[in-house]
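Visitor: I am new to this structure and would like to learn how to read it. Could you walk me through a few features?

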Amino acid sequence: MDKGNNRSRASYRTAGVPVSSLLTFFTHLLFIAIATLLLVWLLHFRDGLSFTSTNKVKLFNLHPFFMIIGFVLISGEAIMAFTTIPATRRRRKYFHMFLHFIGLGSSIVGLFAIFKFRHDTGNSDLLTLHSWIGISTVSLYALLYFISFLVFFFPGAQNWRRARLAPWHVLYGITIFFMGIVSTETGLVDIFMDLGLQKGQEALIVNFTGLLVLLFGISIGLVVLFPVSYY
């Protein structure tokens with residue numbers, strides 16, 4: 001049995017380094033790259049960020065800012081945190097919950113920003129596939145967070161019920177995360193088309209942001225498949 005386990009562990013190592021550690025490091029780098037590209041785009045090419053400015057472009061910019069950095073990236077880090085942080089299971093669980101709380105709050109602020117922008121500019125809401133997927137994703141995310149809090153953090157929850165629901169929690173969680181990735185990609189396509197971007201620096205930044213977000217989602221999925229165990 002021990003020899004089999006050693007062979008299994010060796011198959012998930014590259015030059016003595018666990019594959020999961022390399023994936024985690026690569027995913028953190030993607031986080032930094034996406035956040036940097038997004039900030040360069042919004043601050044340099046799109047006039048910046050503001051809830052109160054008379055320039056409504058700044059209000060709109062808050063939507064991709066909160067939805068990509070606050071929702072997609074932070075929730076991705078929350079998924080990784082449960083298996084990649086070298087801490088006790090209890091601490092990892094609380095950190096996992098805390099990051100998801102930030103992600104949920106960011107998604108709500110991001111939705112508020114886009115609805116306010118639409119209202120202030122006299123545009124209709126929920127007309128695109130992006131908006132339908134986005135609303136569905138945030139709604140399911142909030143529902144899963146509420147149910148997970150009751151099951152996994154509420155003191156009165158029974159251990160057998162937690163163990164039984166844990167695989168479903170992982171499945172629904174990663175599904176909702178990838179819905180967020182799809183929503184981000186369709187949103188970037190909508191922006192690209194609405195701005196009439198062709199060749200140029202801004203078009204490259206938008207496209208590379210979308211590409212890196214896709215790679216980030218794939219990396220998160222691989223981290224879930226090849227977790228680091230600290231149990």
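Visitor: Is E202 buried or exposed?

Guide: Buried means under 20% relative accessible area, exposed means over 50%, and partly exposed is in between (1.4 Å probe, protein chains only). E202 has a relative accessibility of 12%, so E202 counts as buried. Keep in mind that this is a predicted model, where local features need pLDDT of at least 70, side-chain atom pairs count only at pLDDT 80 or more, and totals for chains, interfaces and linings use all residues. Residues are numbered from 1 along each chain as its sequence is written, and side-chain values use heavy atoms, leaving out hydrogens and water.

Visitor: Which side chain meets E202 in a salt bridge?

Guide: A salt bridge is a side-chain nitrogen of Lys or Arg within 4 Å of a carboxyl oxygen of Asp or Glu. For E202 the partner is R46, at 2.8 Å from N to O. R46 sits in the loop between α2 (19-45) and α3 (56-84), while E202 belongs to helix α7 (residues 201-225), so this pair ties together parts 156 residues apart in sequence. As for the names, helices (H or I, at least four residues) and strands (E, at least two) are DSSP runs, numbered from the N terminus.

Visitor: How many salt bridges does this rule give?

Guide: The count is three. In another of these, D120 meets K56 at 3.2 Å, N to O. D120 lies in helix α4 (residues 89-121) and K56 in helix α3, so the pair ties together parts that are 64 residues apart in sequence. D120 also forms a salt bridge with K116, with the closest N and O atoms 3.3 Å apart. Both D120 and K116 lie in helix α4, four residues apart, or about one turn of the helix. Together, K56, K116 and D120 are linked in a network of salt bridges.

Visitor: Which residues make the nonpolar surface patch?

Guide: Patches are made of residues with over 30% relative accessible area and no salt bridge: like charges are joined within 9 Å, and nonpolar side chains (Val, Leu, Ile, Met, Phe, Trp, Tyr) within 5 Å. Here F26, L204, F208, L211, L214, L215, I218, L222 and L225 make a nonpolar patch of about 800 Å². Helix α7 gives the most to this patch, with eight residues. L225 is found in helix α7, and L225 is exposed, with a relative accessible area of 62%.

Terms used. Accessible areas come from the Shrake-Rupley method with a 1.4 Å probe; for residues, only the protein chains shown count as cover.
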